[in-house]
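Colleague: Could we go through this structure together, one question at a time, starting with a single side chain and moving on to the ligand and the enclosed spaces?

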Amino acid sequence: MPPAPSREREATAATHRPVLVDEAVELLAPERGGLFVDCTVGLGGHAAALLARGPSARLLGIDRDPSALALAAERLAPFGERVRLVRARFSELGEHVAAGEVDGGICADLGVSSLQLDSAERGFSLQREGPLDMRMGGAEGAAGATGGAEGAVTGGGEESAFDLVNFYPEDELRRIFSEYGEERQARRIAQTIGAARRERPVETTRELRELVYRSKGGRRKEGRIDSATRVFQALRIAVNRELVELERLLGEATRLMAREGRLVVISYHSLEDRLVKHRLRSLATPSRDPVTGRPRDEERVMELLTRRSVRPTEVEVLVNPRARSARLRAAVRLPWNAQ
Ligand SMILES: C[S@@+](CC[C@H](N)C(=O)[O-])C[C@H]1O[C@@H](n2cnc3c(N)ncnc32)[C@H](O)[C@@H]1O
């Protein structure tokens, strides 16, 4: 039996606002019917909107987080047999659908959910004191069916933020803060952490936050953001191998989609968005014939549906500040290279 969602979780689900939902559903065009994959089904916001607009659309919903899947199962129950939920990482999508099977489209709304951010005990939030965890798949061991979902994900055994902060060499921490957080004080922060953990382990989000402030001469704000934001973002990306996950998904998506399948990706920081932008551009750009100079159009795998990224409106950001950094990019699978 799936774990019953707690009241706190239900409240999060009730107030959860999916980001750029109208834009994403419009681009996915579920009224065409077919199989859609929501790679980050989360609390089911995008999935519900997609299924409501496409009465003959079917949905495979994937998430690595069993608590999210339990809520998605409840929210998507009215769609009955049209929905299948699987606990997996989206880099493993090829194990759940066959090549060319996804004739509707693939959607990925990257990053963490409000459920994860709002749960202090998950350790994602720098505003709430909690253990240094940050594993999206949770802390428990390899799990079987959860929340009405099938599949298994290795949860236990994955390194948590605690492991990284306390056991990674200082130089590796510096690299993580600098590469994934674009943090200019990366070296100093890694050194401060190194000195602190020689005394005793760094255990909580608050302790880590204070160490970052100390490295920055007590400065708690940088412009409008908290000065520890970049370090927290970097650790989360490293713990969950977010960029590797995204690269694998982008590498597999075209193989798994049938002609006319649509790919929609919403990202929340520049590292992700850059990856999506470059990958989609390269799939949409043919090489040129060296003699005639003409583009070899038959080589193109996708056509861009968004020339520039789509951003949330001011009204959406006002209502849902978490939408602030969102960027959506989309493309459609071209007929000629389809499986
Ligand atoms: C921003 S939330 C998605 C919210 C969802 N679109 C909704 O409307 O409720 C991102 C979700 O993706 C999941 N996730 C992130 N990376 C993942 C990965 N590599 N594989 C599977 N799920 C992932 C997280 O656990 C989280 O639940």
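Colleague: Is Glu-158 buried or exposed, and what is its relative accessible area?

Modeller: This is a predicted model, and the place of Glu-158 in it is the loop between helix H5 (114-118) and helix H6 (161-167). Since buried means under 20% relative accessible area, Glu-158 counts as buried, because its relative accessible area is 15%.

Colleague: With which side chain does the side chain of Glu-158 make a polar contact?

Modeller: Leaving aside residues up to four places away in sequence, Glu-158 touches Arg-64, Arg-89, Arg-135 and Asp-163. The polar contact made by the side chain of Glu-158, at 2.8 Å, is with the side chain of Arg-89.

Colleague: Which polar side-chain atom lies 2.8 Å from an oxygen atom of the ligand, and to which residue does it belong?

Modeller: The ligand is surrounded by 24 residues, of which the closest are His-16, His-46, Asp-63, Asp-109 and Glu-245. Backbone N or O atoms also lie by ligand oxygen atoms, with that of Leu-43 at 2.9 Å and that of Gly-45 at 3.1 Å. The polar side-chain atom at 2.8 Å from an oxygen atom of the ligand belongs to Gln-116.

Colleague: Which helix supplies the largest share of the lining of the second largest pocket?

Modeller: The second largest pocket holds about 340 Å³ of space, and its lining consists of 21 residues, with Ile-237, Ala-238, Val-239, Asn-240 and Arg-241 nearest its centre. By class, that lining has 9 nonpolar, 2 polar and 10 charged residues. Helix H7 (170-181), helix H10 (229-240) and helix H11 (242-256) each give at least two residues to the lining, and the largest share, 5 residues, comes from H11.

Colleague: How many residues does H12 give to the lining of the largest cavity?

Modeller: The structure holds 1 cavity of 30 Å³ or more, and the volume of the largest cavity is about 60 Å³. Helix H12 (270-284) and strand E9 (327-333) are the elements that give two or more residues to the lining of this cavity. The largest share of that lining comes from H12, and the number of residues is 4.

Colleague: How many charged residues does the lining of the largest cavity have?

Modeller: The residues that line the largest cavity include Lys-277, Arg-281, Arg-307 and Arg-329, together with others such as Val-276, Leu-280 and Thr-306. Sorted by class, the lining has 4 nonpolar residues and 1 polar residue, and the number of charged residues is 4.

Methods: Residues are numbered from 1 along each chain as its sequence is written. This is a predicted model: local features need pLDDT of at least 70, side-chain atom pairs count only at pLDDT 80 or more; totals for chains, interfaces and linings use all residues. Side-chain values use heavy atoms; hydrogens and water are left out. On a 1 Å grid over the protein atoms alone, a cavity is a set of points where a 1.4 Å probe fits but cannot get out, and a pocket is an open set with protein on both sides within 12 Å along at least five of seven lines; lining residues have an atom within 4 Å of a point. Grid points are joined across faces, edges and corners, and a volume is the space filled by probe spheres set on the points. Ala, Val, Leu, Ile, Met, Phe, Trp, Tyr, Cys and Pro count as nonpolar, Asp, Glu, Lys and Arg as charged, and the others, Gly among them, as polar. Buried means under 20% relative accessible area, exposed over 50%, partly exposed in between (1.4 Å probe, protein chains only). A polar contact is a pair of N or O atoms within 3.5 Å; within protein, one must be able to donate a hydrogen and the other to accept it, and residues adjacent in sequence count only if both atoms are side-chain atoms. Contact means heavy atoms within 4.5 Å. A residue is near a molecule or strand if one of its heavy atoms lies within 4 Å of it.
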